[in-house]
Amino acid sequence: MPIRVKSRPQGAQGTESLRTPSPRHKFGFVAELPDISEEDSFREVVKKLSIYIADTVQLPSTFEQLRTTAAGDGLRALVDHLGRTCTHPAIVNALLALKWHYGTSVEDKGLMDARANACEIVAWRFLTHLSEREAVDYCLYEIPDPKDTESHSHTDEEEGEVDEHSALLAQALHGSIGSSRRTPQSATTKRNLLLSSISRLTMSMTADDEDGEGEEEDPTANFTNLNALEIAAIADAKRFLSQAVVQKIITGIWEGSIIFWKDLSVHSEKKPQFYNPNTADPFSRLRVPKYLKSFEVLFFLTFLGLYYGVLVTRDPTRITPLEIFLYIWFAAFALDELSEWIDAGSIFYATDIWNVFDMAMIAIGATFVGLRIVGLQTHNEEMVNLSFNVLALEALFMVPRVFSILSLSPYWGTLIPCLKEMGKDFIKFMVLVVVIYCGFLTTFSLLGREHLSLHAMVLSLTKIFFGSSFVGFDLMAKMDTFLGPPLMIIFITLSSILLTGSLTGMLSNSFSRVITHAREEYLYVYSVYVLEASTSNRLTHFYPPFNLLAVLIFRPLRLFLPSDNKFRAARILLLKATHLPIVAAIEFYEWLTINSSKGTQYSGFRGPRQTMIGSPHPAAAKKFAQYRLSHNNLRADNNNHLDHLRPPAVTAISEGAIASRRAQQQAADEAVEGRAFGQSDGDVEARIVDLTAKIDRLTELVLMLQTQSSTTLGNVGVA
């Protein structure tokens, strides 16, 4: 029997009639889209986005549900809306700041995690609506401080202030850029301050704008001078950082295609820009993370050679010249790590597992030096021998540290997070093992106290845990003839089967769980390292051991000389004098490897060929924004017209007019965007007018072809 299907009638103009609401309505799909203008402050942008996110995501949802199911329909609408209408440069910064706020909230954890995931999804999907070079602009745009009227780049970095001595990530953890004269705060204090700032804003997100104007301090003021990538690192937005377009930007920073210091001079200012080998200062290459890491490996190899030399000679009566050089390397290494810790803060410093090795190396080195000096002064031979034994422990951390360069490889870099998480699970499991073993150790020690000491019993139980079950069978008769055998059999069974099997299965599950997200973890650590190595606000960064010269020369001078431009010029002069061989080696390497690509250093990023990132000419940027909006609307209208054409007409037009329109569109994008940044207003306006006229003529051609095709089809129908 055939099945009768009742069709639903359609309303006027092809619209559907009322029907049962789809699940997407449950997730706030009908929320009003935010109207974000280019004149809005960062605070207003965050507030508008928070209102929409709160209205749209009202139920707990996983990341995949928001990305693939109807629960994320509201997010798709927001992304399309922002891609069509939003030109605010801080839109990505605001989304990631909200992601951090929602992700750290302890109230209604499931809902807040869903909103945090929603902000992260919108942030990286918005970048997909941009060209790659536009994505660079948005990701490296630093939130301006409206209250900051004087440049911070003229202060000396050795004053201990946050603005010149710390990286941008450190600014989020130690102090605001706009408050460089304040006392630096601890990492935990600053992190809580940032959280409370964004929380105060979102708590009143349903209030009117006038309500927030009466506050004494802008809640988002602590985010000033932070770019989107740094906020993503603070917010643990690992999925955002692992996106291809974001990783391409970070790779550009790693390789030096994108730099933050164009030259080394008294009046230099930190600005993200594409590297031009024809105009940039060669000494700016000292801040490229790739070369920083290469010199770090060379430094550790020298460090390891001095270490082996001191241990091989091992003179217990005096300090040899080789040992003096080892002390210098220890001091330079400790000073460099201290500077890095101050720059990054304790939270970000701990994200890199190799920094834990560095701290262990410094602690062992300090212990060795102390014991060595005291032993020589007191002529205590045992203490001198103890100092060399302590120094021998250094190899446990120094040798892996030398080969830490492998962690930058995707293969080795994905294994390190797995080993880290497995180590955490192993330590947690060993707590249970120790509790169980303490109970059996107490019982066995009391039963066999006449035959075995406590030390012998501890050693025997340890052997049993590591697989020597026969040891237990030899001891059970000595402890007690009645209780010894059954208790020992229970203990051996528990150790060899239950505990060992559980540990193996738990570590296997832990590895499987972590390896699925290991790439994100690796890219997160890699991204944090690149940002910390490149975006520091210190103009003069001395490589170790040259950093000792800067401290020994300029730190005493600061006691009686003012920190002015001459003081800064002297530091720059010392940097150029000491690092000239390094810069020469870098220039020779680049001459050998990338000499053929000079002049096309921006070719890896498709889009506008601006030189300065994130700071285009204001008038040109406005004209370009207006052009992009009008051009998008024009393309949308053309697409709507083409949708009404029949397939034969579309085929006829696509071979001619549409191909020309696409070619003209590509030429317009390249020419207008290239001229919009760094050229005069007259040239830009003339170019835009010329391209607009061409596009209008092309549109008329498409409409004419459409009319002719419609007339032809109508005549055929009449016939």
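Modeller: F274 is buried, at 2% relative accessibility. Buried here means under 20% relative accessible area; exposed means over 50%, and partly exposed lies in between (1.4 Å probe, protein chains only). This is a predicted model: local features need pLDDT of at least 70, side-chain atom pairs count only at pLDDT 80 or more, and totals for chains, interfaces and linings use all residues. Residues are numbered from 1 along each chain as its sequence is written, and side-chain values use heavy atoms, leaving out hydrogens and water.

F274 sits in strand 2. Strands (E, at least two residues) and helices (H or I, at least four) are DSSP runs, numbered from the N terminus. F260 is 14 residues from F274 along the chain, and their C-alpha atoms are 8.6 Å apart.

F260 leads on to a cavity. It is one of the residues lining the largest cavity, together with I253, G256, I258, I259, W261, S284, R287, V288, P289 and S534. A cavity is a set of points, on a 1 Å grid over the protein atoms alone, where a 1.4 Å probe fits but cannot get out; lining residues have an atom within 4 Å of a point. The volume of this one is about 70 Å³. Grid points are joined across faces, edges and corners, and the volume is the space filled by probe spheres set on the points. By class, the lining has seven nonpolar, three polar and one charged residues. Nonpolar covers Ala, Val, Leu, Ile, Met, Phe, Trp, Tyr, Cys and Pro; charged covers Asp, Glu, Lys and Arg; the others, Gly among them, are polar. The whole structure has three cavities of 30 Å³ or more.

Now the charged pairs. Side chains of opposite charge can pair when their charged atoms come close. The model has 18 salt bridges, each a side-chain nitrogen of Lys or Arg within 4 Å of a carboxyl oxygen of Asp or Glu.

One of them joins D281 and K576, with the closest N and O atoms 4.0 Å apart. D281 is in the loop between strand 2 (273-274) and helix 14 (289-313), and K576 is in helix 25 (residues 565-593), so this pair ties together parts 295 residues apart in sequence. D281 is buried at 14%. K576 is partly exposed at 28%.

Another joins K248 and E132, at 2.9 Å from N to O. Again distant parts of the chain are linked: K248 belongs to helix 13 (residues 244-255) and E132 to helix 6 (residues 132-139), 116 residues apart. K248 is partly exposed at 31%, while E132 is buried at 16%.

R401 lies in helix 18 (residues 395-402) and D358 in helix 16 (residues 353-378), so parts 43 residues apart in sequence are tied together. Both partners are buried: R401 has a relative accessibility of 4%, and D358 has 0%. Shared partners join K293, E296, D358 and R401 into one salt-bridge network.

Terms used. 1 Å grid on protein atoms, 1.4 Å probe; cavity = no way out; pocket = protein on both sides within 12 Å on 5 of 7 lines; lining within 4 Å.
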